[in-house]
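Colleague: I am new to this structure and would like a guided tour. Could you take me through it step by step?

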Amino acid sequence: MTSDDDPFHDCELDPEAILGTHTFEGVLFTDETETPVNVLTGETPAHSQATVEEAKEFAASIDTETPQIALPASVESQVETQSKPYTAAAFFHFKATGSLERHRAYHAAYEADAFAVDFEADYASGDLTITVERADES
């Protein structure tokens, strides 16, 4: 197999590292996501008030072929940019999977016909579950 045929040729991890089902706990935006508090008033600024439904709708509205999930935005970015407490990213984003190596491996599998990749975003718990199988086994 040439490197052009191998979707993992640029990856640090091989497919075996991501095959099966993996759950990444507490990585999604939830109702419990930390938001800034104005120290003078004790209130959360209006721009940082959001619901999970808003976050899910925002992620779904991103115009891309790769499914998006809602991740929590850092308190610092919420304060500095007066942004919402969530951001959208590909379901295999390194902030969700914990490493750039996993991000690249999941991306390669998602793009390759040789693999079936599915995910479940549980916004109640904040858990993301990704399942990767070889296409001939699914």
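This is a predicted model: local features need pLDDT of at least 70, side-chain atom pairs count only at pLDDT 80 or more; totals for chains, interfaces and linings use all residues.

Colleague: Is Val-52 buried or exposed?

Modeller: Val-52 counts as buried, at 12% relative accessibility. Buried means under 20% relative accessible area, exposed over 50%, and partly exposed in between (1.4 Å probe, protein chains only).

Colleague: What does Val-52 touch?

Modeller: Leaving out residues up to four places away in sequence, Val-52 touches Phe-29, Thr-30, Asp-31 and Tyr-123. Contact here means heavy atoms within 4.5 Å.

Colleague: Which residues of helix 1 are buried?

Modeller: They are Val-52, Ala-55 and Ala-59. Seen down the axis of helix 1, these buried residues fall within an arc of 60 degrees, so they line one face of the helix; the arc is that of the directions from the helix axis to the C-beta atoms. The face turned away from the buried side carries the exposed residues Glu-57, Ala-60 and Ser-61.

Colleague: And what do the buried residues of helix 1 pack against?

Modeller: They pack against strand 2 and strand 3. Strand 2 is largely enclosed by the rest of the structure, because four of its five residues are buried.

Colleague: How many bridges join strand 2 to strand 3?

Modeller: Five bridges join them, and the two strands run antiparallel. Two strands pair if DSSP finds at least two bridges between them. Ile-69 has Ala-89 in strand 3 as its bridge partner.

Colleague: Changing topic, which residues of the largest nonpolar core touch the most other members?

Modeller: Phe-8, Ile-69, Ile-130 and Val-132 do, in a core of 30 residues. Helix 1 (52-61), strand 2 (68-72), strand 3 (86-90), helix 4 (100-111), strand 4 (115-122) and strand 5 (127-134) each supply at least two residues of this core. Helix 4 gives the largest share, four residues. A nonpolar core is a set of buried Ala, Val, Leu, Ile, Met, Phe, Trp, Tyr and Cys residues joined through side-chain atoms within 4.5 Å.

Colleague: What about Ile-130, what does that residue touch?

Modeller: Not counting residues up to four places away in sequence, Ile-130 touches several residues, including Phe-24, Phe-91, Phe-92, Tyr-106 and Val-117.

Colleague: Where is Thr-129 found?

Modeller: Thr-129 is found in strand 5. The side chain of Thr-129 makes a polar contact with the side chain of Thr-23 (3.1 Å). A polar contact is a pair of N or O atoms within 3.5 Å; within protein, one must be able to donate a hydrogen and the other to accept it, and residues adjacent in sequence count only if both atoms are side-chain atoms.

Colleague: Finally, how many helices and strands does the protein have?

Modeller: The secondary structure comes to four helices and five strands, and along the sequence the pattern reads β-α-β-α-β-α-α-β-β. The C-alpha trace spans about 65 × 25 × 25 Å along its principal axes. Of the 138 residues, 34% count as buried.

How values were computed
Residues are numbered from 1 along each chain as its sequence is written. Side-chain values use heavy atoms; hydrogens and water are left out.
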